[in-house]
Amino acid sequence: MNKGYRLAPMKGCNVRPTSDRVRTSIFNILGQVLNGCITLDLFAGTGSLGIESISRGSEKAVFIDRSVKAVQLIKKNLSICGYEELAIVAREELPGGLSHIHDLACDLFDLVFIDPPYGKGYIRPTLSRLVDEELLSRESRVVVESSSGIDDELPARVGDLVLNLERAYGSTVIGVYL
């Protein structure tokens, strides 16, 4: 990941980072090279998914989390990797904060990661907000992480987004929307 840099972990917060196994699987699904992509990492936590996308060629990544500690940690991890110039980090409550993305002068997003707290009902409203705010490019891929043991299932369709692939890795479920 990210050219061998070890990211700083989240301490003292109720954050569940994406496991190395699941992250590797996600990028195997997406392909190894993401040249020119504009990435959005929602509920970003440590920022590992967005940082991985930059290391694989994303042109820019926007990281959103509501936690002050997470935002500080993402900035630290971007600095560790030397990716500060390729990133925008914002503190917003999701999914409502997606209405402010246009204020960050961002283009449309080609790749979106949604890794919300499990079982809190964030998945459908976040997908809906992405569509309603017209934040997705024509060829966007949206990767959602959920849990098989919690009632927060991946909807088959939200607006124009269609669940194209669903895979389970232990209790973690990954859905890819096109």
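This tour of a predicted model moves through its aromatic pairs and then stops at one arginine.

Begin with the aromatic rings, where the count comes to 2 aromatic pairs. For the pair to open with, select Phe27 and Phe113, whose rings sit 5.7 Å apart centre to centre with 50° between their planes, an arrangement that counts as tilted. If you colour the chain by its elements, you will find Phe27 in helix α1 (residues 20-30) and Phe113 in strand β4 (residues 109-114), so that the pair links distant parts of the chain, 86 residues apart.

Next, select Phe43 and Tyr122, which form a tilted pair because their planes stand at 55°, with the ring centres 5.1 Å apart. Phe43 lies in the loop between β1 (38-42) and α2 (48-55), while Tyr122 lies in the loop between β4 and α4 (123-132), so the pair ties together parts that are 79 residues apart in sequence. Phe43 is buried, with a relative accessible area of 13%, and Tyr122 counts as buried at 17%.

Finally, move to Arg157, which is found in strand β6 (residues 157-158) and is exposed, with a relative accessible area of 52%. Show its side chain and follow it to the backbone oxygen of Gly159, which it reaches at 3.1 Å. Leaving aside residues up to four places away in sequence, Arg157 touches Arg124 and Val162. To end, draw a C-alpha to C-alpha distance from Arg157 to Leu127, which are 9.4 Å apart in space and 30 residues apart in sequence.

Definitions and conventions
Residues are numbered from 1 along each chain as its sequence is written. This is a predicted model: local features need pLDDT of at least 70, side-chain atom pairs count only at pLDDT 80 or more; totals for chains, interfaces and linings use all residues. Side-chain values use heavy atoms; hydrogens and water are left out. Rings of Phe, Tyr and Trp (its six-membered ring) pair if their centres lie within 6.5 Å; planes under 30 degrees apart count as stacked, over 60 as edge-to-face and the rest as tilted. Helices (H or I, at least four residues) and strands (E, at least two) are DSSP runs, numbered from the N terminus. Buried means under 20% relative accessible area, exposed over 50%, partly exposed in between (1.4 Å probe, protein chains only). Contact means heavy atoms within 4.5 Å. A polar contact is a pair of N or O atoms within 3.5 Å; within protein, one must be able to donate a hydrogen and the other to accept it, and residues adjacent in sequence count only if both atoms are side-chain atoms.
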